[in-house]
Amino acid sequence: MIPEVGNIFLIISFVLAVTIFCLASYSYYLNREILNLSNLVYFKFVSILMSFIALEISFLSDDFSVLYVASNSNPFLPIYYKFSALWGGHEGSMLLFILILSLWIVLFSLSTNYQSVRDKNYLHGFTSLIFLSFAGFTIFTSNPFERLLPISPLNGTDLNPLLQDFAFTIHPPMLYLGYAGLVIPFAIALGRCVGVMEAWAMRIKKWTTLAWSFLTLGIALGSWWAYYELGWGGWWFWDPVENSSLVPWLIATALIHSAIVTNKRNIFINWTILLSVLAVIGSFIGMFLVRSGILTSVHTFALDPERGLILLMLTFLISIYSFYLFFRADIISKEAADYSFFSKEFFLLINNALLLILAIVILFGTIYPIIYDIFTGGKSITVGAPYFNLTTVPIAFFIAFFQGYGILTFWGKSKKDNYFYLTCLGLVFILTFFFTYTLFNYPDIFSTASYLMFAAIISGLVVYIYRNSKNSILLFNNLGMVTAHFGIAVMILGIGVVSSFSQNKEVIIGKGEFTNLNNYNIKLVDEGKQDFSNYYAQVVQFEVLDNTTKNKIDLKPEKSFYPASNNVMTESDIYVSPKEDLYISLSEKLDSGKWIAKIQIKPFVRLIWLGALIMTIGGFLAVFRRTKYE
Amino acid sequence: MIKIRKNRLYAVLFIFGSSLLATVLVLTALNQNINLFYSPSDLFASNPSPNKSIRVGGLVQKGSLIRIPDSLEINFTITDLKEEVTVNYSGILPDLFKEDAGVVATGYYDQINNSFQAFEILAKHDENYEPKEVVQALEGK
């Protein structure tokens, strides 16, 4: 009964979205207000929420007559994983996504006032277009309420063990909060194309920043999850799924900066609109790549080429619709406005272009296997991480350079100071370069690049704060920006240090034996078996002596076996000290009774996620700081 | 077309064009970072260069897995049920690597000894998932 109710609510929300879109379009056609659509938007949210609750109830009550529950849950799963198992597969995560999308639309509607009801209705029309696409896609191709009747299994096949994890319970919701949030600036931008002028650039900036903050946090959580849960200590794999979250992130980053210029100077109007549209299309393409199974990835969803085709068609239709509105809009542009070479506008323009090119380079590397397949008649290739490192690092280097310098420039015109700062930055670069080469004695070009990037951003920030130290209001207003920029610098430093100073060792070690890595003495003291509610594990106990602090720590990596799904998992164990992580994971037990283990030292790896966290905080500060004045 | 729209179109075309050009150039330069996939039969048919890293996939032949005692060195045979190739590998194996299951190895092919020196081994990601290429190799594609 309950699944049917959920299904009906899902269909109601779809019908409501279609109605809102049609009414908004009709109102545009008549060129007058017909009725206030906000209430329908709230009904739509309530309806999709009920649908979500219905599916949660099915999960929590182990209703295995529902196909989706049967394939993603198990009676022995701890209760909190039963809850989060809802977004462990394709169908449920689509439902979560449209719930979150609807939540954004409601929040936007509640918190943003438009003088004209008609204007607001237009925006409801645009958000509903996206909602109805996804809701329709869910209902017709991936309905989570499908039943296994009359014969339903007594037992579920279990949630993928990789996903039975805390970070996983919050990673998808955060990521979806980011993706779905980008729909708001998309709607505002299309609204601008049909003549909704009210504070549009300011609102795009604000809502993009909010969505961007969640997206940053979501991506960082995913990276953290991969680091300790995939078991082998990497924090970024250039996997298609990771790339397809990075592309919208880069576009959103460009959009925030472009919207700042549009809001302040009323230029780059077309550029801001274009980026708003591209951010959403980028997320669509990402979703297509992830869900169609066209690319081999470590994140596997139930793969279905037909779904992929439909997503591709949706992407295509929404692109055509948006670009049609974009091209027919008569936006008087004064792009040839009077800004000079050393102005803030110019630097923001360069960085915007670079961010977009970076996004395209990553997207291209990600889909290149598909293109290759088509043009060579079925030959299969993979594009390795070296491609991404070699192409992204140089572009990122220029972005960081212009970022560090750009915040010291002024709106509109160049000042004499500009040349002075440029000289200073050059000097900082040369000093950092010699410093890294003499102190670290490490001629790795990638990590050197990251130290230079760190130096560029930090020196820019330091001069900026010093220069404005008497103007506390200005500094306070830009606190979010300063924090976010500091965050990216911290992250870049972390990336540089990890890639140049990581150490690892693969060892064969038996009970009572020792091994050394750097400052650590590692001894295998004991091993045993442990039973848990839904899996059992072989646990090996290592005693680690940290020779610098004389601390003794026990690390217990596991090899776990999940009978319900017949899966094996590597559970690493990590000793976290302020300066580095000591990371031990088990490979396999040999016939002689000895273990193969991988021991790694990851210095300052936590700076990567700390940086992302600081960026997120910066984003939130920027949103909530500004709203007070505007 | 109104001039503004024309400009807008040029701007869009310029951005896509220049970035696409940039990527094509980059990809040409990075040719060595693209790993082509071969089934054991393809290896015989096309003899890839021994200096270029490639991927080979198929099933791990039953009874072929040999480990040099107490070391990370292993040998096994990949088969597509028509041809086979011996793989040498030193290092950690993925969790779901086992005999009679799908595998994709990345490394260098030595035609004279019909052996493959792998530096990376990928197996199934979970019980329900088989690498796409392995399925195709076994179907004799």
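Me: Hello! What does "buried" mean here?

Reply: Buried means under 20% relative accessible area, exposed over 50%, and partly exposed in between (1.4 Å probe, protein chains only). This is a predicted model, where local features need pLDDT of at least 70, side-chain atom pairs count only at pLDDT 80 or more, and totals for chains, interfaces and linings use all residues. Residues are numbered from 1 along each chain as its sequence is written, chains are lettered from A and ligands numbered from 1 in the order in which they are written, and side-chain values use heavy atoms, leaving out hydrogens and water.

Me: Why is helix α8 of chain A largely enclosed?

Reply: Helices (H or I, at least four residues) and strands (E, at least two) are DSSP runs, numbered from the N terminus. Eleven of the eleven residues of α8(A), 183-193, are buried, so the rest of the structure largely encloses this helix. Among them are A:Phe186 and A:Arg192. Just after α8(A), A:Gly195 has a positive phi of about 100°.

Me: How do I read a sheet?

Reply: Strands of a sheet pair through backbone hydrogen bonds, either parallel or antiparallel. Two strands count as paired if DSSP finds at least two bridges between them. In chain A, four strands form an open sheet in the order β2-β11-β10-β9, with antiparallel pairing. Its edge strands are β2 (503-509) and β9 (573-576), each pairing on one side only.

Me: How many bridges join β9(A) to β10(A)?

Reply: Four bridges join them, and β10(A) covers residues 580-589. A:Val576 stands opposite A:Asp581 in β10(A).
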